[in-house]
Amino acid sequence: MAHEQELVVIPEASADSWASSPAVRTVMKANRSRDTKPELALRSATHGLGLRYRVNTPPVQGLRRSADLVFTKARIAVFSDGCYWHGCPDHYRAARRNDEFWSDKIAKNQARDRDTDAKLLAAGWLVIRVWEHEDPAEAAERIAHAVRSRSNQVFALDTAESLGGPPGS
C-alpha cells in the first residue's frame, strides 16, 4: 500500500548488486554497524554502574577491528554481537533466500571474531562478547566485575613497580 502510494521509494538494484532484490538492498543498507539498540542498552547499563570506556575503538594499534566498548587501562574489549550477524547458537536461522551467500557471510564473520579474540588475547587483552539477546544489566555486571578485577591487578603491578619492586610483587 505505501509502495503503491509512492510513500516508500525502492531504488533499482544495480547489475553488480549482491542483494536478491532492490527491497532487500534497501533494508540491508539501513542496518547499522554501531549504535544499535542492544549496544546502546549495554553502554547505558555499563555507564550506570559507574564505568567509563571508549566507544567503537580499535583496542590494539594496528588491529583493523573496533570493539564496541574498550577499557584501556584494564585491557578489556567488549563486543556486542548481533544474533544473526554472528551466528548465535540460540537464535541464528539461515536466510530463506540466497542461503549460500549468507551462510558464507556468517561463517566469515565467525572466523573473523575468533581471529580477533586470538589477536587480542595474545596482546594481553580480555575479550568479552555479549549477545544481543542477553539482558544488558546482567552483561554490564559481568563487564564491571571483569574491569574491577583487572583494574585491581593493574593497580597492584603499578604500585609494586613504583616502589622499586619487581612487577607482580
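D113 is buried, with a relative accessible area of 10%. Buried here means under 20% relative accessible area, exposed means over 50%, and partly exposed lies in between (1.4 Å probe, protein chains only). The model is predicted: local features need pLDDT of at least 70, side-chain atom pairs count only at pLDDT 80 or more, and totals for chains, interfaces and linings use all residues. Residues are numbered from 1 along each chain as its sequence is written, and side-chain values use heavy atoms, with hydrogens and water left out.

D113 forms a salt bridge with R129, and the closest N and O atoms are 3.8 Å apart. D113 sits in helix α3 (residues 99-122) and R129 in strand β4, so this pair ties together parts that are 16 residues apart in sequence. A salt bridge is taken as a side-chain nitrogen of Lys or Arg within 4 Å of a carboxyl oxygen of Asp or Glu. Side chains of opposite charge can pair when their charged atoms come close. By this rule the protein has eight salt bridges.

R129 also pairs with D81. The side chains of D81 and R129 meet in a salt bridge at 3.0 Å, N to O. D81 lies in strand β3 and R129 in strand β4 (residues 126-131), so the bridge ties together parts that are 48 residues apart in sequence. Strand β3 covers residues 76-81. The side chains of D81 and R129 are also joined by a polar contact of 3.0 Å. A polar contact is a pair of N or O atoms within 3.5 Å; within protein, one must be able to donate a hydrogen and the other to accept it, and residues adjacent in sequence count only if both atoms are side-chain atoms. D81 counts as buried, at 5% relative accessibility. Leaving aside neighbours within four places in sequence, D81 is in contact (heavy atoms within 4.5 Å) with H86, D113, R129, V130, W131 and E132.

The side chains of K119 and D115 meet at 3.2 Å, N to O. K119 and D115 are four residues apart in helix α3, separated by about one helical turn. K119 is partly exposed, at 42% relative accessibility. D115 is partly exposed too, at 29%. Salt bridges that share partners join D81, D113, D117 and R129 into one network.

The cysteines were examined next. The structure holds zero disulfides, a disulfide being a pair of cysteine sulfur atoms within 2.5 Å. The sulfur of C83 is 3.8 Å from the closest cysteine sulfur, in C88, which is too far for a bond. C88 is likewise in no disulfide. C83 is buried, with a relative accessible area of 6%. C88 is buried at 2%.

The protein has four helices and four strands. Helices (H or I, at least four residues) and strands (E, at least two) are DSSP runs, numbered from the N terminus. Along the sequence, the pattern is α-α-β-β-β-α-β-α. Buried residues make up 28% of the 169 residues. Of the contacts with a separation of 6 or more, 53% are between residues 24 or more positions apart. The accessible surface comes to about 11,200 Å², of which 52% belongs to carbon and sulfur atoms. Accessible areas come from the Shrake-Rupley method with a 1.4 Å probe; for residues, only the protein chains shown count as cover.
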